[in-house]
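Keep the viewer open as you read.

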Amino acid sequence: MESQCTFLFSEGSIDDRMLLGNKGAGLAEMSQLGLPVPPGFIVSTDACKVYQREGRLPEAVWQEVRERVRYLEVVTGRRFGGPDPLLVSVRSGAAISMPGMMDTVLNLGLNRKTVEGLAQATSDRRFAFDCHRRFIQMFATVVLQEEGDAFEAMIAQSMAAHGVSQDTELDEAALASLIEAFEAHLGERGRRVPDQPEEQLLLAIEAVFRSWDNPRAHAYREIHQVPEDLGTAVVVQSMVFGNRGQGSATGVLFTRNPNTGEKAVYGEYLQGAQGEDVVSGVRTPRPISQMQEDFPTAYRDLVRSAAILENHFRAMQEMEFTVEQGEFHILQTRNGKHSVLAGVRMAYDMVQEGLIAKREAVMRIDPESVSHLLHPRLDPGASVTVVALGLPASPGAVSGAVVFNAEEAEERGRAGEAIILVRPETNPDDIRGIYYARGVLTTRGGTTSHAAVVARGLGKPAITGCEALRIDLEAEALVGAGVTVRKNDRMTIDGSTGRVILGEAPTIASSLPDALGSILDWADDYKRLGVKANADTPTDAQQALDLGADGIGLCRTEHMFMGPERLPVMRRMIIAETEAERKEHLAQLEEMQEEDFYRIVGIMHDRTVTIRLLDPPMHEFLPKVPDIERSLAQAREAGDDESMQELTRTLHRAEALREFNPMLGLRGVRLAVLYPEIYEMQARAIFRATGRLIREGINARVQIMIPLVGMVSELDAMEQLIRSVHQAVEAELATAIPYQFGTMIEIPRAAVIAGALAERSEFFSFGTNDLTQTIYGFSRDDAEGKFLSAYQEQTLLTANPFMRVDEEGVGALIHMGVERGRKVRPAIELGVCGEHAGDPASVHFFHRADLDYVSCSPFRVPVARLAAAQAALQDRHGSSIE
């Protein structure tokens, strides 16, 4: 391996994060800025890839490492393994930050000899022994891969024997005994920590490289869609000590509040501690504001450095720092994890401050995360039973069943159950449990602990440091404040206030924050794609309008028949034995439909409303056959002749309508071929409602869309039917009623003959749900329940094709339909109305495919607006706007 694999901090910058990792690149950049960064070097991600490929590192890399260690000896004046020993930290640092997912070893370089040298150099034997026991414990668990529980148990036993509650209270003799116990435990297992610091270092670097492939790191990358082939760098840095008594400390600081976005420093610190103590959540730290009293000079240096870094990176920074004997050092900076609300507020505020441009603010918001802001929040007027207050670690409110271990939370959460994961503290191995839980509660740890950081990054409500409650893991119970909450009991957590509430608390709808409204307005200035909504009721239409929809791209008329007062009429229409009887019931439905259309189209005013005529199979409106048979038996037993007669007719009709494959059976346009009076009724209701609105001075704009068309002759027949009804209603109302006629492209044949269909259609709407089913030959209901997850786990599919558009297959059909449709009718309007229309990655594809709009559920409208703007900005400016 000939290329350089190790780099001093002075040899890199933030632009080198793919090679040096995010942590290493940040340290290099801070060094260039002249900030107080302890010296160190980076073993690159290239070296990691070599290690992964070959299972070892070439001697040339180790020789580079040795040379870098000699450099550290020169600049620190200490020698690796010497009497005043150089000690180093060995930390992971991937190009994309993965907090807590990989491994770290601190205080490396200690052994029986050097610990005495450290004690003499610092005149503090307790401190030296504390560093040594920490090093043995970390080396054993990270490098030797021993279980950590045994070491924690020995620490707990020592604290109990000495009558103390914190490990910081253990004296020199107790720590010396712990070191003996740790070494004896390893000896019993045939393991040992090497004496030679160089051997320790080489083994630790390899261990950190291996940690790229540990299960929690894989889980994190899967959840956050981080590529598997990036590898991690390793940062080797001279130690500074936050555990040198009460005159030293370690902490984490955010340059703005990661929960609210407020422009004020936010963080925590622990005196007499090392960095792992803060993030592990084992001890509850102090708020950063208290540092002004404990370490006034270091606090001023911290705040000054925070301002420098935020202005330099033009983003909220998360900093790790250490104060050793009053002297301030920065160990890391990165763009901080934050809540969705905070991200929105910070992006807006930074535009107002002149720190970033509007387009940068638009690019900074993760579109998918925006939907979290529209989730319900606790009703402030509701009466609730608050049993405890913890630290508000990640905003949002959620209710669910209490579960006490991460594995069960994952299993039950995967199955769709609402789960609250309750733990004393979380660790990186709990990542999947946190992901599948609705929220997290810990009784220990602060707002910068692992649970808080991970929950914020996932948009999950979380409360940490709820010390008023005690967890009995053996009994699976949460005890305190005079109550006991057991496994499976319902509980609500409010991560915005820290309230722990018994039972399920009532919620109310949320509205868009003002800052997000402004950013979405900026997004609209950049996007090319229109964003419409799927809306089937007046309530949906109003919601879509409030969330910024350009119109309604899909109004599913079948959903209008599902109401309790309408479904019986629909069923009587279906079981009707004559056309006259069927038309009698259709007349009742027509009145209801006309009022629906009048209200929906009226709400949208001059925005287009695309109405899809009846699509699903008739049997979906009837009860299931076993249910009908059960009701029929009850009616027979009760001697109810009238009910028996109707139920018998319903049973016969349900059996007659039963299909082997309803998805490809009697539905969509095929219904109208057999029963044209159904589409006639719907068209009449649409035109009458539209005509009424026009006469009231509203510029009503409707499109009538025919579903499941696969032949030109089908579309011709429907066009004639609709035109005939239109002419009759115009004459009846003596009013000109403009409309557009078009079709869905939802079976492959329709895409193939799109040119011929475009001769009759003024618009196409691609139905990507059915296109996905038909091109794969998958039944969605069966596939998602039986084998799709296995396909994804075995990487046969990289994503669920019903959630993210299949660009190779479905995408090819869309490209075909676009090209052939526009060739015949250049001004044809082209959109998509499947579930994919609300998926950001799919929206990017639809932008590239040159569609005119996407149509998604109302709550996904803000998501699609942002995604459409980002797609357009990337087109103009490339993948990076900042």
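## T255, a loop residue

Let's start in the loop between β6 (249–254) and β7 (266–271), which is where T255 is found. One thing to keep in mind throughout: this is a predicted model. T255 has a relative accessibility of 7%, so it counts as buried, the cut-off being under 20%.

What does the side chain of T255 pair up with? One partner is the side chain of E310, joined to that of T255 by a polar contact of 2.7 Å. If you skip residues up to four places away in sequence, T255 touches A264, V265, A306, E310, A315, M316, Q317 and M319.

## R216, an arginine in α9

Next up is R216, which has its place in helix α9 (residues 215–224). Is R216 buried or exposed? It's buried, because its relative accessibility is 15% and the limit for that label is under 20%.

The side chain of R216 has a polar contact with the side chain of D103, at 2.6 Å. Leave out the neighbours within four places in sequence, and R216 is in contact with G100, M101, M102 and D103, plus P428, D429 and I431.

## R599, an arginine in α22

Compare that with R599, placed in helix α22 (residues 579–604). With a relative accessible area of 48%, R599 is partly exposed, since the exposed label needs over 50%.

How far apart are R599 and T537 in sequence and in space? They're 62 residues apart along the chain, and their C-alpha atoms are 8.5 Å apart.

## α4 against α5

Now for helix pairs. Two packed helices are described by the angle between their axes and the distance between the axes. Helix α4 (residues 112–122) and helix α5 (residues 125–142) have axes that come within 8 Å and cross at roughly 145°. The crossing of α4 past α5 is right-handed.

On the α4 side, the contact is made by R112, V115, E116, L118, A119 and T122; α5 brings R125, F127, A128, F129, C131 and H132. Sorted by class, that contact has seven nonpolar, two polar and three charged residues.

## α3 against α8

The second pair is helix α3 (residues 59–76) and helix α8 (residues 197–211), whose axes come within 12 Å and cross at roughly 125°.

## The whole chain

Zooming out, the protein chain has 35 helices and 31 strands. Its C-alpha trace spans about 105 × 65 × 50 Å along the principal axes.

Of its 882 residues, 57% count as buried. As for contacts between residues at least 6 apart in sequence, 70% join residues at least 24 apart.

Note on methods: Residues numbered from 1 in each chain as written. Predicted model: local features only at pLDDT ≥ 70, side-chain atom pairs only at ≥ 80, totals over all residues. Heavy atoms only, no water. Axes fitted to C-alpha atoms, helices over the stretch in contact; angles between N-to-C directions. Helix = DSSP H or I, 4+ residues; strand = E, 2+ residues; numbered from the N terminus. Left-handed = near helix turned anticlockwise from the far one by under 90°. Contact = heavy atoms within 4.5 Å. Nonpolar A, V, L, I, M, F, W, Y, C, P; charged D, E, K, R; others polar. Buried < 20%, exposed > 50% of the residue type's maximum accessible area, 1.4 Å probe, protein only. Polar contact = N/O pair within 3.5 Å; in protein donor to acceptor, adjacent residues only side chain to side chain.
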